[in-house]
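Student: I'd like to go through how some labels get assigned here. Can we take them one by one?

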Amino acid sequence: MIRFEKRESTSTSLKILIPTVSIILGILIGAVAILLKGINPIKVYQALLIGAYSSKYTFSETLVAATPLILISAGLIVVFKMNFWNIGAYGQYIMGAIFSSYFAIFWSPHIPKVIMLTVMVIAGMVGGALWAIIPALLKAYWEVNEVISTLLLNYIALFVLKFLMYGTWRDPLSHGFPLSKPFPNNAQLPRIIPHTRVNLGLIFGIIAVFVVWYLLKKTKFGYEIRVIGENPNAARYAGMNVAKNIIIAMIISGALAGLAGMVQVSGIIHLLQIKINPDYGYTAIIVAWLAYLDPIVASFFAVFLGGLASGAYQIQITMQVPFGIVGVIESAILFVLIGSEIFMRYRLVFDVGKKKHSGQEETL
Amino acid sequence: MSGAHHIVLIVLFSAAVQSGTTLLYPTIGEIFAERSGILNLGVEGMMIMGAFFGFVVTYITRNPYIGFLAGVLAGGAAALIHAFVSITLRGNQVVSGLALTIFGLGFTNFYGQRWINLRSPVTVSQMSVPLLSKIPYIGPIFFKQDALVYTSYIVAIVMWFILYKTKVGVHLRATGQNARAADAMGVNVYATRYWWTFFGGLLAGAGGAYLTIAYAPFWLDGMTAGRGWIAIALVIFAMWDPLNAMVGAYLFGGIDALQLQLQAVGVTIPSSLLNMLPYLLTLIVIIIATLIVRVKHISAPKELGIPYNREEK
Amino acid sequence: MAEYILQARNITKKFPGVLANDHINFDLKKGEIHTILGENGAGKSTLMNILDGIYYPNEGEIYINGKKANIRSPFDSMRYGIGMIHQHFMLVDTLTVLENVILGLKDQSFFINKKQIADKIIEISDKYKFDLKPFAKIWQLSVGEQQRVEIVKMLFRGADILILDEPTAVLTPQESEALFEILKKMKSEGKSIIFISHKLNEVMEISDRITVLRKGKVIGTVNKEETNPVELAKMMVGREVLFRLQRKPLERGEEVLKVENVEAYNDRGIKVLNKIGFTVHKGEIFGLAGVAGNGQKELAQVITGLRKATSGKVFLLGKDITNQHPLVIANSGTNYIPPDRLKVGLIPNLSSIDNAILRRYRKNPIGSGILVNYKKAREYTESLIEKFNIMVPRIDAPVKLLSGGNMQKLLLAREISENPALLIAVHPTRGLDIGATEFIRKKLLEVRDSGMAVLLISEDLDEILMISDRIGVIYEGRITGIMDAKDADVHKIGLLMAGSTEEESATVH
């Protein structure tokens, strides 16, 4: 910390330093955990790096994992800015996947691809947004705690998915496995890098990041949610409609999470099943926080945590290191990150009082 | 025939109490953490830690009580991370709690692989309470249970008493309501919050341990399955009162037992819908409870989630 | 040494950017009432918080009965027999009187012995004629009663040294008198009392000795008999005080605000406005005096649309604005300086720009379509900063880094720049230093001269008397009297503030 005492504006440098230190410490704590299991952590991390970043293909898999994180975190940033704790991206993602899959499964495979995909994108966003509007309404009009409501809706969404997959949406040819019939070609998002699974979803993510950035920085809506997040009393005093803003922000957040779900089924899995990795909804929370709610910075952290996830997925098989290590590392990063924010505040205040009072004389 | 119905109901309600016990412990724990002003959303993470260590230690020592104790301590240890981050470092309590949940689920997945699907060799034995177990209906439901269930009754009653009738309770309530005033009067705000956050973790661990030791004596990855979140919802339902927590816990235990019973009987409702029931009902109940709390002008402890710093105005 | 029960030597306390206490020396004799006099921001409260162990000084020592004391927490200070009654009471409002009294006491048994404690509370309470009920909840008590709970709490702990931080700020003049009698009784029983105030008249009434603080330093300690208010005022502010502010003669114009039989409830569901009615005219300052908590806050909220009136009407320029949306009311010509600038008026973590445009971001040229033009916003903010002489570290630094006076200037600048027909100002100078206070008061007079109607709600009677044209008094949510400022005096207003309506004959319109 001493290095930073000299700088004029510590807040910006700490904004880089703290996440960096958090990541390093998170990885070290992960290493201890691996060591305790009797595995050499250096080898694990080596394999993880190779698995995530070594070749064009492995890096493309990192991008594949980063895509939903970019989409979801961009949306979460909008609601987190206004201090609304949407923990429900998990459920909104599932709903997006379900809504868009409906058309892939039940509509004709002969509909032109552009139309089919447009309908699926819209359906995914609508599905996510609808699931997000429920807690937004409950919070805006009845003050129901959104952490609890969004979380419960995650479980409910998961059981809706299970209900469909064990029910009418199951492919009769799946030998009893809870899988839908494979999506026809017209319902598959086109790949943008040959011989990889990187698809149009990544472009959606990049667009989303810039749209959110623009919304927050340039529009009245961005200004209002900043004021609401920092001081809801002042917002009401200025005549802002807090309820309306909560609902709009949650529609954006839910729609982007739903779009991520659509991208996953239409761009990667090509069918609907129970395992569609909704945990991205939780990981995206970490992404948003590491980036201090800046959507552009968040997309880089999405690539980092996406790499961690895709690397860990591979070593799970090759090195017998369970996937839970990702949770241990991620939570360690988070603990260090939020625990360190005190230094940011402390330094910030300290810097203002630059006057030095020295040379007091002792009497008595 | 009516006799058979009677037995079915008693079995159902008795199972409801056991399922409710997995919720009662963590709900009471969270009530006390929140009463001190600390919001700990990591209940799910602490429960799964309790469940895991409770199971493993029971498996190794073949003594469910030692296992239970291990689970309790594991939950407490996990809570200390949250306490450190949110009390000493004044970090964001919502995020810290989420991190704790991610940690618990990740940790138990990472170390739990070799225990998956193993069954516990021992379990806690049922013991009837003399006299009380003879009461019609009430007796067989509440007083033909195991020692860990009885402990939960005692915890609920004793904690209610401590909350309202003792010096410790006054200090606790003051700390969550007005930390500055409590501090000015000589209450150690930091110590109070540390202790009750830790206590919350102990009880969350107890709830998890009861799950793997008595209610479902085996280990599955992520087997708490959202019970921690239901417990957090029950805190609002209980309006931060340990005795109300009993009502809430058994109500949800009842729904859980009912859906399992219906599945066992082979009712034609798809199991995914039955599984959904507790979460859906929690959502509905939390909405109603929130409305009631508002009408009655009861509110959460005023400084819930707000870090305290003596020198900050 | 034995003559002094408490001595503070070279106490120095730094806060970021401020030297709150600068080598302060101060002695308290046994059995005296010793006033610490000083402006807001002079360092009085900091010094008291150090004696009470809330803050720890960067330098200096405290001696109790000649022995060095190490006070690191309020608990330590209590052990040395120091009991502090804070300006904002340290009471937990959901607990009972009894529970508050024993809060933090280490020698209490684990199980509360209610009977024994209640008896002791009643004993203390009877001795000073307090009439306290041990099992009442704090939130059910009036402010005066709450203060008495604070006193009982300290006496219960056996405090020999009582510190009262601006205890009369929340009391009517009559309640203050009663408090002074209690303090004198305690003094006669050998208690030593530190009394903190910035009100000269009460200082002259109650003190034995007076220590004056200015800008964190001790200016001097004087005996009451050897001084007078003029000298004290000079010591306090370092120059002659302006008691009168220049103003144009009143040109009372048309009726701008009319409040008619308004009733409303507070957040706890208690009725706090009780058929209140009055009018404010163009070109006048209508001062509304009253003790805190008599419905002032809620009244301002009802007028600005932030709280629902359950009955009655509010008219602005003849138009019914009752229970309209805050935005509608603001746009029809009402601006509002709320009582708590950090909690309502400003957004502490956002920049001066974001704060300055709170009323303008919707309107051209700063707002355009769905966008905010931040270039225009910056220019606008710069113009406010220049016009109102606001000191900011950087224009995009968070406003929480501004001094209280500059925050309030920014808030005032933003509100009056909308050039409303009606300006509502609630406690506009609370907690500000003399320079900023004077600036704000002059600005209020300036906008009055320019024809704005000003509703000034304040607990500071001096402020009301200084700048109002007409004065109304609010008590328990109704107006107990309205008079011209030239007919008003402290005694008359004091009676009305205590709920007496005998003065109705003095009412004008």
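Student: Why is Tyr190(B) called partly exposed?

Tutor: Its relative accessible area is 30%, and buried means under 20%, exposed over 50%, partly exposed in between (1.4 Å probe, protein chains only), so Tyr190(B) is partly exposed. Keep in mind that this is a predicted model, where local features need pLDDT of at least 70, side-chain atom pairs count only at pLDDT 80 or more, and totals for chains, interfaces and linings use all residues. Residues are numbered from 1 along each chain as its sequence is written, and side-chain values use heavy atoms, with hydrogens and water left out.

Student: And what makes Tyr308(B) buried?

Tutor: Tyr308(B) has a relative accessible area of 7%, so it counts as buried.

Student: Why is the pair of Tyr190(B) and Tyr308(B) called tilted?

Tutor: Rings of Phe, Tyr and Trp (its six-membered ring) pair if their centres lie within 6.5 Å; planes under 30 degrees apart are stacked, over 60 edge-to-face, the rest tilted. Here the centres are 6.0 Å apart and the planes at 40 degrees, so the pair is tilted. Tyr190(B) sits in helix H9 of chain B and Tyr308(B) in the segment after helix H12 (271–295), 118 residues apart; helices are DSSP runs (H or I, at least four residues), numbered from the N terminus.

Student: What makes Phe32(B) and Phe199(B) edge-to-face?

Tutor: Their planes are 70 degrees apart, with 5.8 Å centre to centre. Both Phe32(B) and Phe199(B) are buried.

Note on methods: Chains are lettered from A and ligands numbered from 1 in the order in which they are written. Helices (H or I, at least four residues) and strands (E, at least two) are DSSP runs, numbered from the N terminus.
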